[in-house]
Amino acid sequence: MIKALFFDIDGTLVSFKTHQIPQTTVDAIAEAKKNGVKIYISTGRPISLITNLGQIEHLIDGYITTNGAYCFVDDEAGRHTICCNDIPTEDIQMMLNAASQWDRPVIFVGQQDIAIYNYKDVVDDVFHKALGVNNLDYDKPIEDVLVQPILQMTPFISEEQEALIMANLKNCTSGRWCLDFTDITCEAADKGKGLLAMAEHEGFNIADTMAFGDGGNDISIIKQAGIGVAMGNAGDEVKKNADFTTTSVDEDGIMNALIKYGVIS
């Protein structure tokens, strides 16, 4: 029996076309919650950039954010941190050097703030225009963030450049879900590890979990969950690692999968 559902945001819960959660998805999640199933978010976004879940926010039990670098649950007593894994200083400096050499922008996610190193218009094109993020401060001094523990680095680099830099970032892992950039976190952090930490904290069996995703950074949690579901709009590698491929986010994909596995009627 499925006791916990884990959802990626962009391209899974939220449509790239409308920047909204389809109503069928909202209704399906509400029914699952009513049936006693817990609801969790599993995203590459840091907390401050999770701005598009208002339709289901009241249903969410916990969050895997920044690709598993920071996981927490909220209850009446407040916020409980489950795990927080930051990137070693030497890897941060290596990324800064590479970004400077390649003249590419990087978003650095600190424990409190976010800043962009070497801003380029591609950042706005992707985050504001394509993903609907309206609260990213392009003028935040990078120096203010680099003194904080860094949970994630998001360089706007090619797959070839990603391979080059990751060969030297021995303490990190990379999860690409967009052609324009990749998300880099501490090697102790990915969505699959976030699922394990959440399950241990919340007291449910991994076999009773179901995870949905569409991007490369979702593969770890799709493989780790009891049932891993790829959206119809997912890439081939994601689908290959899933137990089931449902329809796309815009074609009732989440509702269809929850019906298939008997989570809702």
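Biologist: Polar contact first: N or O atoms within 3.5 Å, one able to donate a hydrogen and the other to accept it, with sequence neighbours counted only between side-chain atoms. What does the side chain of T246 reach at 2.7 Å?

Modeller: The backbone oxygen of G253. This is a predicted model, where local features need pLDDT of at least 70, side-chain atom pairs need 80 or more, and totals for chains, interfaces and linings use all residues. Residues are numbered from 1 along each chain as its sequence is written, and side-chain values use heavy atoms, without hydrogens or water.

Biologist: Where does T246 lie?

Modeller: In the loop between strand β13 (244-245) and helix α9 (253-260). Both kinds of element are DSSP runs numbered from the N terminus: H or I over at least four residues, E over at least two.

Biologist: Is T246 buried or exposed?

Modeller: Buried, because its relative accessibility is 7%. The cut-off is under 20%, with a 1.4 Å probe and protein chains only.

Biologist: Switching to α3. Which residues are buried there?

Modeller: α3 covers residues 121-130, and V122, V123, D124, V126 and F127 are buried.

Biologist: What covers the buried residues of α3?

Modeller: Among the covering elements are β6 (106-110) and β7 (114-117).

Definitions and conventions. Buried means under 20% relative accessible area, exposed over 50%, partly exposed in between (1.4 Å probe, protein chains only). Contact means heavy atoms within 4.5 Å.
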